[in-house]
Amino acid sequence: MPFFEAIRLALQMIRAQKLKSVFSTIGVFIGVTFLIGAWSVVNGMNRYMTEKFAGTLVGVNTFHLRRSPNVNFDVQDSVWRSWRRRPRIKFADANAVTKSLTVPVVTAWYSEDRGSVEYSGKVAKDITLEGTTERYFDIMNLTIGDGRPFTPQESKAGTTVVVLGYDLAHKLFPDVNPIGHNVRIHGIPYRVIGVVERQGNLLGISLDKFVVAPALSPIQREVNPPGVVDALIVKANSEPEMREAMNQAEAVMRSRRHLRPRQDDNFAMETSEGVLDFWNKLSRILYAVGPGLVGIALVVGGIVIMNIMLVAVAERTREIGIRKSLGARRRDILRQFLAEATALATVGATLGILTGIGLSVLLQAVSPLPASVSPFSIVLGVVVGGGVGVIAGVYPASRAARLDPITALRQE
Amino acid sequence: MTALQPFRTGDTPLPDIVILTHKLTRDYDMGGEVVRALRGVSLQIRKNEYVAVMGPSGSGKSTFMNLIGCLDTPTAGEYWLNGQKVSDLSDDELARIRNKEIGFVFQTFNLLPRATALHNVELPLIYAGQPARERREQAARALTSVGLGDRMDHRPNELSGGQRQRVAIARALVNQPSILLADEPTGNLDSATSAELMQVFRDLHRGGQTIVMVTHEHDIAAHAARVVTLRDGVIATDQLQAA
């Protein structure tokens with residue numbers, strides 16, 4: 001029997017026994033759906049984490065000198081409490097570190113908190129209030145869409161000027177150009193001098209709801225205790241220079257804090273790499289657990305298919321006898337049942353691939369993750385699905401092929 | 001009694017002898033006890049003979065039928081079909097012989113219930129490796145020739161017993177086999193339909209088809225030109241009769 005004939009027969013059989021076929025494909029279906037879906041999610045998260053998340057939070061070739069790491073996911077309570085007991089980063093610390101760095105770097109102070117911003121009766125709540133120095137815009141790649149950033153003079157003098165995030169600007173000034181108008185933060189008026197271009201969102205959180213004011217302006221009272229910054233941001237030109245700057249900064253901080261050689265740093269220097277550490281840990285787990293789950297689903301699917309095929313062989317013993325009496329050879333019968341099992345699994349795999357793609361499209365639509373389906377995972381899905389079918393089909397098919405035609409024909 | 005070719009082991013049958021069995025023996029091992037179903041059957045059937053094989057149950061006629069139909073292999077003895085010694089062929093070679101040389105008609109029709117009449121008739125051609133279009137045409141012709149040209153897309157359960165048996169005959173003949181092997185072909189038919197079927201067999205016989213029919217009904221056997229009776233695994237009688 002030609003191969004094509006076997007496939008046609010298998011599809012006929014599947015159509016004739018819809019319910020049974022549905023059940024037997026479910027295992028493979030779930031396995032492959034999960035394979036495609038999970039693969040695309042993990043891949044998407046991976047890309048997202050490396051390209052956007054870490055870059056946005058910290059920046060390339062940049063480190064943040066802070067009291068404790070800003071991005072942390074699996075910290076024990078005791079560690080957390082010890083972080084809380086650490087001394088804060090003072091203006092003087094920031095200045096001393098900046099002065100002592102010998103590699104070319106750009107630095108900025110950074111402090112933040114959440115608060116409200118008002119303009120003529122309108123209140124925007126839950127806005128990130130940022131107190132920074134003038135180079136902050138360069139370091140974080142914040143392009144000013146309209147107006148200008150604040151000058152070093154304004155920064156040093158602590159002038160009451162602000163640069164608005166895109167969303168905030170549009171909320172408070174739906175139909176006026178905000179430049180030159182005064183917004184109020186905790187009752188104090190600040191003159192709007194610029195609006196930052198749209199940044200989009202991160203994990204679904206808008207990156208455009210912020211105001212930036214000079215760190216020494218009255219905003220400092222909103223964001224931190226007197227004389228304290230959240231972070232000194234240091235951006236170098238290259239990775240090695242950043243490492244060198246980190247070493248120098250560490251040395252300066254250790255001597256200012258009078259730490260003995262045995263003592264640990266009581267401050268943190270956070271890089272994008274550090275942020276990614278967490279993610280790498282998580283993705284390692286996902287990559288390890290994922291295939292296991294997929295494997296279990298496929299094994300179960302394979303066993304279900306094998307059972308269905310064994311039942312099919314038993315039910316169709318007479319058919320096998322008839323076919324043999326008409327000249328079917330062992331290999332014809334073998335091929336027929338193998339094709340059926342493989343077709344079942346492939347149908348399941350195909351549905352699984354479609355559902356997996358559907359899931360990842362859905363995910364992309366409702367979440368910020370770029371959950372792209374990789375072609376490789378589709379190929380893998382088809383191969384794995386078909387493979388499960390073949391493996392699950394071999395035993396029932398060989399039982400069918402070995403049937404004695406006389407016995408098979410006698411079967412009612 | 002027809003004249004036998006004097007046959008010894010090592011000989012080859014004459015060209016016009018379609019079936020030749022020589023001391024055909026078949027033993028079954030039934031849990032340690034050997035049942036001797038056939039104890040040396042020597043029989044020759046010429047081209048275009050119409051032979052009925054009779055015998056009470058346990059006479060070995062089913063065993064004989066299975067051996068003639070290449071569904072089983074003998075314990076000892078020789079079986080020549082259409083000039084080819086088939087008694088010592090492998091499984092796959094036997095499958096090929098069943099496909100090319102033998103057309104089966106069973107008591108229970110043995111049609112595939114889920115397949116249409118046309119597909120049922122196509123089956124032997126599928127295993128013969130015929131291309132789809134040719135095969136469909138050939139199957140359609142075979143169905144038309146048994147008067148079922150308008151029932152091709154019906155499934156067996158949409159056909160009467162007589163129609164089913166005619167589908168089976170179309171299927172048996174679609175590969176132009178050397179012998180038509182009928183096993184109690186009227187066993188599941190009423191007498192009117194049986195008579196019709198016997199008419200179909202007579203026409204086929206007139207058209208040159210060799211027919212071997214196993215039956216236990218004397219009036220059905222009466223349609224054949226020659227009646228072979230088996231008893232206790234050997235040939236008891238072998239008689240020609242007037243048509």
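In the predicted model, the largest cavity has a volume of about 70 Å³. The structure holds six cavities of 30 Å³ or more. The lining of the largest cavity is formed by A:Met13, A:Ile14, A:Gln17, A:Lys20, A:Ser21, A:Ile308, A:Met309, A:Ala312, A:Glu340 and A:Leu344. Two or more of these lining residues are contributed by each of four elements of chain A, namely helix H1 (3-16), helix H2 (18-57), helix H10 (272-315) and helix H12 (330-366). The greatest contribution comes from H10(A), which supplies three residues to the lining of the largest cavity.

Chain A is divided into two domains, with domain 1 spanning 3-53 + 281-410 and domain 2 spanning 107-233. A distance of 56 Å separates the C-alpha centres of domain 1 and domain 2 of chain A.

Strand E1 of chain A (residues 62-66) is mostly covered, with five of its five residues buried. In a regular strand, side chains alternate between the two faces of the sheet. In E1(A), A:Thr62, A:His64 and A:Arg66 point one way, whereas A:Phe63 and A:Leu65 point the other way. Residues on both sides of E1(A) are buried, including A:His64 and A:Arg66 on one side and A:Phe63 on the other.

The pairing of E1(A) involves strands E13 and E14 of chain A. With strand E13 (residues 231-236) of chain A, E1(A) is joined by five bridges in an antiparallel arrangement. Within this pairing, A:Arg66 stands opposite A:Ala231 of E13(A). With strand E14 (residues 268-271) of chain A, E1(A) pairs over four bridges, also in the antiparallel sense. Here A:His64 has A:Glu270 of E14(A) as its bridge partner.

In chain B, four strands form an open sheet with the order E2-E1-E4-E5 and antiparallel pairing. The edges of this sheet are strand E2 (33-46) and strand E5 (84-85) of chain B, each of which pairs on one side only. Strand E1 (residues 17-30) and strand E4 (residues 76-81) of chain B run antiparallel and are joined by five bridges. One position in this pairing is B:Thr25, whose bridge partner in E4(B) is B:Ala76. Helix H1 (residues 61-68) of chain B lies across E1, E2 and E4 of chain B. The helix H1(B) runs at about 125° to E1(B).

Conventions
Residues numbered from 1 in each chain as written. Chains lettered and ligands numbered in written order. Predicted model: local features only at pLDDT ≥ 70, side-chain atom pairs only at ≥ 80, totals over all residues. Heavy atoms only, no water. Buried < 20%, exposed > 50% of the residue type's maximum accessible area, 1.4 Å probe, protein only. Pairing = 2+ DSSP bridges. Domains from an automatic or database assignment. Contact = heavy atoms within 4.5 Å. Axes fitted to C-alpha atoms, helices over the stretch in contact; angles between N-to-C directions. 1 Å grid on protein atoms, 1.4 Å probe; cavity = no way out; pocket = protein on both sides within 12 Å on 5 of 7 lines; lining within 4 Å. Points joined across faces, edges and corners; volume = space filled by probe spheres on them.
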